[in-house]
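Please open the model in your viewer and keep a selection panel at hand. The stops below go from one selection to the next, with the cut-offs given as each term comes up.

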There are 2 protein chains.
Amino acid sequence: MKQSYKQNQVISYYMCDRNRTLTLSMLVNLLMEVSENHSAGLGREESFMRERGLSWIILRYEFDIDRMPAYKEEVEIETFATEYNKLFTYREFIVRDKTNASIIKVKTTFALMTNETRKMARIPEEVVEPYGAVFSKRIRRDAKPNEVDLEQADEKNYFVRYFDIDPNQHVNNSKYIDWLLDTLEPEFLSKNHLRHGVISFDKEVKEGDAVTSKVSRRSEDDLHTDHRIFVKDTVHAAASFKWTENTRMESHDGNDQ
Amino acid sequence: MKQSYKQNQVISYYMCDRNRTLTLSMLVNLLMEVSENHSAGLGREESFMRERGLSWIILRYEFDIDRMPAYKEEVEIETFATEYNKLFTYREFIVRDKTNASIIKVKTTFALMTNETRKMARIPEEVVEPYGAVFSKRIRRDAKPNEVDLEQADEKNYFVRYFDIDPNQHVNNSKYIDWLLDTLEPEFLSKNHLRHGVISFDKEVKEGDAVTSKVSRRSEDDLHTDHRIFVKDTVHAAASFKWTENTRMESHDGNDQ
């Protein structure tokens, strides 16, 4: 039977951007924490995997965002594994506010990495069994991020920092998100909020790498942005985001509720 | 009477560095969260200050670190305001492990900023009264960070990123810490742990600023590092850290306890 796990989370100051709402990179950090707690409850915590020389790596996020929670707001994060095949597992997350309304849905694709070789591993039955997800031979063909118009793309360069590297010895996936979004103008990021996003992680970024983050808009007044993270000439991550203009001052501050 | 506030905290994956221990910047984020919760319990939460056009800003940290908590470890963070004068308040934090042993002590100096002018404000009695701290006319002369040897300093350059800016519309103090430490070699940061540190924040860093972080060692095999954060020719923050070599593999992983 499909095992679902729920955890409440109050949004801290350090999780928020200048507009007092949760950042996408912190959302991802929180989802990964809930996912680990789910796994730990099923006896499949990170140390269980490590003892077997394995780590979960994330390959894809797909976000549907009604609104990001605000500073001091308490939300419930639910997660469950939906399906797996020999190479991938599919996990979903639902973030709900105090009225029990779903405000964020996230679909994710995970794979297993053999720590020694850093290559993908087949998923042992022992690892996935407790989650109660459905086995399906079919490997999903999920929508990919749109192409970037490299002719007119804006770009910024980043060096990997010491604290970008996580215990898996590569850049943590949440750090890519800052590189992806930081190429957009501050005015754009302040004026709009993210409604839908797809991020695919294609290759690890490692210590010493210099990264170029490129972004293009589909047209001047269009609210789609397409992104690539390059190391030299190789794409390491890709993303497409759809934005909506902030039409109202939303007030979900914990103090106002 | 002095009001003390305690909160338990489990260390998440996203709070840790590659060695599975809490980072200094996340420590600071957690301390600020506990401080805000303390204030909220006394009716002096951030929105109370904001309604009066005021924000707390941090001017100085002094850290004494026996060890940083490990991934999944649960710690208790205690905080209390010790003393104040017309311009500054002094707040301390103690982090304790499950055996109730103190593993980190932090002394901090706060001031009030008038949001409109971004200048320091006198501290109204109404604001500090509930904390039960002692009023003292005396303004402390705390130890300052050591000079940096600019002749032999290493340096790295950083641009302020969109997500470095917090709701106070300047770079969050935790972000300076990544700039300060990232100038040190990865081998140095992996091999040593921080035992003592002083950071002073002298000027705000803002959107659009380009930052130079400089560091010098007192001698080749010395474990003191002295740091400055410059914007153009002006020092915006200064720090001195004392390090100790990791002599043992510490195991405080939640799974091992």
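Predicted model: local features only at pLDDT ≥ 70, side-chain atom pairs only at ≥ 80, totals over all residues.

Select Arg20(A) and Glu46(B), which form a salt bridge whose closest N and O atoms are 2.6 Å apart; a salt bridge here is a side-chain nitrogen of Lys or Arg within 4 Å of a carboxyl oxygen of Asp or Glu.

Residues are numbered from 1 along each chain as its sequence is written, chains are lettered from A and ligands numbered from 1 in the order in which they are written, and side-chain values use heavy atoms, with hydrogens and water left out.

Next, select the whole interface, where 41 residues of chain A are in contact (heavy atoms within 4.5 Å) with 41 residues of chain B. The buried area between the two chains is about 3,900 Å², with 50% of it given by carbon and sulfur atoms; buried area is the accessible area (1.4 Å probe) that two parts lose on being put together, summed over both. On the chain A side, highlight Arg18(A), Arg161(A) and Tyr162(A), which lose the most area to chain B and together make up 23% of what that side buries.

Then move to Leu24(A), which, together with Leu24(B), has the most contacts inside the largest nonpolar core, a set of 105 residues. Such a core consists of buried Ala, Val, Leu, Ile, Met, Phe, Trp, Tyr and Cys residues joined through side-chain atoms within 4.5 Å, where buried means under 20% relative accessible area, exposed over 50%, and partly exposed in between (1.4 Å probe, protein chains only). The largest share of this core, eight residues, comes from H1(A); helices (H or I, at least four residues) and strands (E, at least two) are DSSP runs, numbered from the N terminus. Around Leu24(A), not counting residues up to four places away in sequence, display its contacts Phe63(A), Ile65(A), Met68(A), Ile177(A), Leu181(A), Leu194(A) and Phe241(A).

For a pair within one chain, select Arg228(A) and Glu147(A), whose side chains meet in a salt bridge at 4.0 Å, N to O. Arg228(A) lies in strand S11 (residues 224-231) of chain A and Glu147(A) in the loop between strand S7 (134-135) and strand S8 (154-159), so the pair ties together parts that are 81 residues apart in sequence. Which of the two is buried and which exposed? Arg228(A) is buried, with a relative accessible area of 9%, whereas Glu147(A) is exposed at 64%.

In chain B, compare Glu62(B) and Arg60(B), which form a salt bridge with closest N and O atoms 2.9 Å apart and are both buried.

Finish at Asn192(B), which lies in strand S9 (residues 192-201) of chain B and is buried, with a relative accessible area of 5%. The side chain of Asn192(B) reaches the backbone oxygen of Phe188(B) at 3.0 Å. With residues up to four places away in sequence left out, Asn192(B) touches Leu223(B), Trp243(B), Thr244(B), Glu245(B) and Asn246(B).

Terms used
Polar contact = N/O pair within 3.5 Å; in protein donor to acceptor, adjacent residues only side chain to side chain.
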